[in-house]
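Have the viewer open as you read.

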Amino acid sequence: MSPHQMDLRFFKAVVDHMSDAVLWRTPDGQVVYANDAACTMLGYRSDELLALNVSDLAPDGNEAMWRARWQRLLEERTLA
């Protein structure tokens, strides 16, 4: 196993055990990872979350809002 692969495994293990909810998504909003805290907080199993788009989790949001938030995160590295 390469050092890079070991770093990624360690990072995933840390995120898996965080008490904060973590969702990873694609630029178009597809959920590709959810830690246990996200599942608990949102009331979904992991496989259910992976079938959703982030806009499904916030019905009052819209695609344009999610794209704008993603762009802001890319540019500013924060949503705060």
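## Ground rules

Contact, or touching, here means heavy atoms within 4.5 Å. The model is predicted, so to speak in its own terms: local features need pLDDT of at least 70, side-chain atom pairs count only at pLDDT 80 or more, and totals for chains, interfaces and linings use all residues. Residues are numbered from 1 along each chain as its sequence is written, and side-chain values use heavy atoms, with hydrogens and water left out.

## A buried arginine

Let's start with Arg25, which sits in strand 1 (strands are DSSP E runs of at least two residues, helices H or I runs of at least four, both numbered from the N terminus). Leaving aside residues up to four places away in sequence, Arg25 touches Gln30, Val31, Val32, Val54, Trp66 and Trp70.

## The aromatic trio

Searching the whole structure turns up two aromatic pairs (ring centres within 6.5 Å, using the six-membered ring for Trp; planes under 30 degrees apart are stacked, over 60 edge-to-face, the rest tilted). Phe11 and Trp24 are stacked, at 5.9 Å centre to centre with 5° between the planes. Phe11 lies in helix 1 and Trp24 in strand 1 (residues 23-25), so this pair ties together parts 13 residues apart in sequence.

Trp24 also pairs with Tyr33, this time tilted: 4.3 Å between centres and 35° between planes. Phe11, Trp24 and Tyr33 make up one aromatic cluster. Phe11 is partly exposed at 45%, Trp24 is partly exposed at 32%, and Tyr33 is buried at 10%.

## The nonpolar core

A nonpolar core is a set of buried Ala, Val, Leu, Ile, Met, Phe, Trp, Tyr and Cys residues joined through side-chain atoms within 4.5 Å. The largest one has nine residues, including Val31, Leu49, Val54 and Trp66. Strand 2 (31-34) and helix 2 (36-42) each supply at least two of its residues.

Among the residues that Leu49 touches are Val31, Ala34, Ala38 and Cys39, again skipping residues up to four places away in sequence.

Technical notes: Buried means under 20% relative accessible area, exposed over 50%, partly exposed in between (1.4 Å probe, protein chains only).
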